Amino acid sequence: MSKHKKDFRTDTLCIHAGQEPDKEFGSVVAPIYQTSTFAFETAEQGAARFAGKEPGYIYTRLGNPTTKMLEDNIAALEEGVLALATSTGMAAVSTLYFALLGQGDHVVASSAMYGPSRIILERDFVRFGVSATFVDTGDTGAVKAAWRPNTKLLYVETPTNPTLSITDLGACSEWAHKNGALLVVDNTFMSPILQKPLRHGADIVLHSVTKFINGHSDVVGGIIVFKDEPLFKKVRPVLTHLGGTMDPHQAWLVLRGTKTLALRVRAAQENARAVAELLASHPAVEWVKYPGLEKEPAIKALIEKQMDGPGSLISFELKGGIEAGKRFLDGTSLMTLAVSLGGIETLIQHPASMTHAGMSRENRLAAGISDGLVRLSVGCEDKEDLLKEMKEGLNKLV
Ligand code: LCS
């Protein structure tokens, strides 16, 4: 029985989608096809594969059975038709820009997205005649105001890294499609467990699988999921020619991660709710941003409509700003001071000097990334241990 059926629910798909017991030996776990190239039985067969007249593998940069299992797994989780795994999340981002944009095109994008996803538009794609306007895509009016006749792509992170602003995907997809553009959503912060952007009109979804999907902070990787085959066919040759494809061993490791994705995401989210509540009630804290604490009725309604939970990323600022933040970061031991997110362990970092240090201070502040903002990716440790360390660190500051 095919494990890729659409009628299985998300938690089942995490474990089974894209993976059948191996036909030769019955291996329950996906074999790693650790090969760069695939033998043809005849010259005619080789020619037929290159001509696309016969299915089958040719060369691992163009496709590999282990990598394909991961692609089918995530395509099923995101309710897309096909996916392409990439060597890193940034390979997914840059391949999409390269495939979808050309000379004279304009992009509207979230102002507070992962630093390098913005910086390559500002510094690199601008050299090839592509322009970009960055707005708070949480404000659909700002998206409309930034629109130009040559806007071809609306690129959204929701929630944004690290400001956790929520964008209305339904409203944005409607606007983009009415105006001849595509909506691409970076769903890294939610994972397909908590948000499925294709359901809300996105054309393409991407992830840094380095984060929740792999989940063990031991692999970098990315994935692009497509709502239809023509878009897949447009992007695939660009990816295979640029060369940012995923290695089979990397894909096999990520497939270990997908099996526990739903369990990890929900466990981390339960911890994050408790940590966010502690932060919100502590006198050392100036402000906390966490979708689960949202009070604004319209945003609360949007969260309920398009997200299946608030996730496990929290941003906050301490009274005393960056100096207090540094003291807090230096005092942590259970919470690891490191960039990245979505791992099984709690990670804490300072975006202004770390993940978003490449942005100018002016752009950073305009995007809501204050000097004192601290980003927390809550992991799956025991909740009481996390709360204890958090309380001890905060109490030292008052
Ligand atoms: N998209 C988002 C939303 C990200 O957070 C990241 C990395 C990427 C894309 C790029 O993925 P990568 O190439 O690293 O796999 N975000 C990081 C962060 O916030 N801390 O360290 C990396």
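Residues are numbered from 1 along each chain as its sequence is written. Because this is a predicted model, local features need pLDDT of at least 70 and side-chain atom pairs count only at pLDDT 80 or more, while totals for chains, interfaces and linings use all residues; side-chain values use heavy atoms, with hydrogens and water left out.

## The seven-stranded sheet

Seven strands form an open sheet with mixed pairing, in the order S1-S7-S6-S5-S4-S2-S3. Strand S1 (82-86) and S3 stand at its edges with a single partner strand each, so one side of each has no neighbour in the sheet. On average, neighbouring strands here are turned by 20° against each other, direction ignored. Helices (H or I, at least four residues) and strands (E, at least two) are DSSP runs, numbered from the N terminus. Two strands pair if DSSP finds at least two bridges between them.

S6 and S7 run antiparallel and are joined by five bridges; Ile-204 has Phe-226 in S7 as its bridge partner. Helix H4 packs on this sheet and touches S1, S4, S5, S6 and S7, and its direction makes about 150° with that of S6. Contact means heavy atoms within 4.5 Å. Axes are lines fitted to C-alpha atoms, for helices over the stretch in contact, and angles run from 0 to 180 degrees between N-to-C directions.

S4 and S5 pair in the parallel sense, also over five bridges, and Glu-157 has Asp-186 in S5 as its bridge partner. Strand S5 (residues 182-186) is largely enclosed by the rest of the structure, because four of its five residues are buried. Buried means under 20% relative accessible area, exposed over 50%, and partly exposed in between (1.4 Å probe, protein chains only).

Helix H5 (residues 115-124) has the buried residues Gly-115, Ser-117, Arg-118, Ile-119, Ile-120 and Leu-121. Their cover includes helix H4 (89-100), strand S2 (106-110), strand S3 (131-135), strand S4 (151-157) and H14.

## Loops beside this sheet

The loop between S4 and helix H7 (169-178) holds Pro-159, and Pro-162 and Leu-164 are in that loop too. Most residues other than glycine have a negative phi, and most peptide bonds are trans. The table gives the backbone angles.

| Site | Feature | Angle |
|---|---|---|
| Thr-158 and Pro-159 | cis peptide bond | omega about -5° |
| Asn-161 and Pro-162 | cis peptide bond | omega about 5° |
| Leu-164 | positive phi, not a glycine | phi about 60° |
| Ser-217 | positive phi, not a glycine | phi near 55° |

Leu-164 counts as buried, at 3% relative accessibility. Ser-217 is found in the loop between strand S6 (204-208) and strand S7 (222-226), and counts as partly exposed at 41% relative accessibility.

## The five-stranded sheet

An open sheet of five strands, with mixed pairing, has the order S8-S9-S12-S11-S10. Its edge strands are strand S8 (285-289) and strand S10 (336-337), each of which pairs on one side only.

S9 is largely enclosed by the rest of the structure, because six of its six residues are buried. Leu-313, Ser-315 and Glu-317 point one way from S9, and Ile-314, Phe-316 and Leu-318 point the other way.

S8 and S9 pair in the antiparallel sense over four bridges, with Val-285 opposite Leu-318 in S9. Strand S9 (residues 313-318) and strand S12 (residues 374-377) also pair in the antiparallel sense over four bridges. Leu-313 has Ser-377 in S12 as its bridge partner, and Ile-314 stands opposite Leu-376 in S12.

Helix H11 (residues 261-281) lies across S8, S9 and S12 and runs at about 15° to S9. Helix H13 (residues 321-330) lies across S9, S10, S11 and S12, at about 125° to S9.

## A nonpolar surface patch

Leu-337, Val-339 and Met-354 form a nonpolar patch on the surface, with about 230 Å² of accessible area together. Patches are made of residues with over 30% relative accessible area and no salt bridge; like charges are joined within 9 Å, and nonpolar side chains (Val, Leu, Ile, Met, Phe, Trp, Tyr) within 5 Å. A salt bridge is a side-chain nitrogen of Lys or Arg within 4 Å of a carboxyl oxygen of Asp or Glu. Accessible areas come from the Shrake-Rupley method with a 1.4 Å probe; for residues, only the protein chains shown count as cover.

Met-354 is in the loop between strand S11 (347-349) and helix H14 (361-366), and is partly exposed, with a relative accessible area of 34%.
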